[in-house]
Amino acid sequence: MGTVEYPNVLSIVGCVRVVGFIPRLKARVFSLYSIIEQLLSESTYDLFDTVQDCITIHDAETGEIVDVNDTYCELVGCERAEVLATDPMELSVPAEGYTEEYAEEIFEEVLETGQKSYQWMIRTTDGEHRIADVVASRAEIDGEKRIISVSRDITERKRRKQEFEEIFNAVQD
């Protein structure tokens, strides 16, 4: 008996292999994409948490703090979860003029102009008052309006400047 060839069977077997391969390929590509996405977000958070400046991210409408970096947590003396659960005004010094109304004015200006530089007094958990030089910028993160504030503790610099002025004034007298 002679050999009977079934070219369509080979094509069908080949299609089954290809068809079976495509979902596995899609799964691998999706998995690779997920891994890359995770690495990118982890890298972003590594950068976010290793920066020497304080970073706070506020909800643009409510002023609520939605994220902070480790440097900010170290400055105020709280864990991230504590900061996120705290009213931002509890970490401010209203008696020195750093009021909720002033914060609202700053946020309005940031939303209008895109950016604002200012100084803000922060109260740490141990009651110490620290002065921060802040640059706040308008941003959109995951479709949400945010205000990102990058600040630097300038308390020591301000103290040195005041001491210098006192010495200078004493010499002038």
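How many disulfides does a search of the whole structure find? The search finds 0 disulfides in this predicted model. The structure does hold 11 salt bridges, and its largest nonpolar core has 28 residues.

**Cysteines**
- Cys73 takes part in no disulfide, the nearest cysteine sulfur being that of Cys78 at 7.5 Å.
- Cys78 is likewise in no disulfide, with the sulfur of Cys73 7.5 Å away.
- Cys73 is buried at 8% relative accessibility, and Cys78 is buried at 9%.

**Nonpolar core**
- Tyr72, Val76, Val83, Trp120 and Ile122 touch the most other members of the largest nonpolar core.
- Two or more residues of this core come from each of strand E2 (65-68), helix H2 (70-76), helix H4 (100-113), strand E3 (115-123) and strand E4 (129-141).
- Beyond its neighbours within four places in sequence, Ile122 is in contact with residues including Tyr72, Leu75, Val76, Leu91 and Val93. Glu128, His129, Arg130 and Ala132 are also among the contacts of Ile122.

**Salt bridges**
- A network of salt bridges links Glu128, Arg130, Asp153, Glu156 and Arg159.
- Asp153 and Arg130 form a salt bridge with an N to O distance of 2.6 Å. This pair links distant parts of the chain, as Asp153 lies in strand E5 (residues 144-153) and Arg130 in strand E4, 23 residues apart.
- Arg130 is buried at 12% relative accessibility, whereas Asp153 is partly exposed at 29%.
- Arg159 and Glu156 form a salt bridge at 2.9 Å, N to O. These two residues are separated by about one helical turn because they lie 3 residues apart in helix H5 (residues 155-172).
- Arg159 is partly exposed at 36%, and Glu156 is partly exposed at 36%.
- Glu109, partly exposed at 35%, forms a salt bridge with Lys116 at 3.5 Å, N to O.

Methods: Residues are numbered from 1 along each chain as its sequence is written. This is a predicted model: local features need pLDDT of at least 70, side-chain atom pairs count only at pLDDT 80 or more; totals for chains, interfaces and linings use all residues. Side-chain values use heavy atoms; hydrogens and water are left out. A nonpolar core is a set of buried Ala, Val, Leu, Ile, Met, Phe, Trp, Tyr and Cys residues joined through side-chain atoms within 4.5 Å. Buried means under 20% relative accessible area, exposed over 50%, partly exposed in between (1.4 Å probe, protein chains only). Helices (H or I, at least four residues) and strands (E, at least two) are DSSP runs, numbered from the N terminus. Contact means heavy atoms within 4.5 Å. A disulfide is a pair of cysteine sulfur atoms within 2.5 Å. A salt bridge is a side-chain nitrogen of Lys or Arg within 4 Å of a carboxyl oxygen of Asp or Glu.
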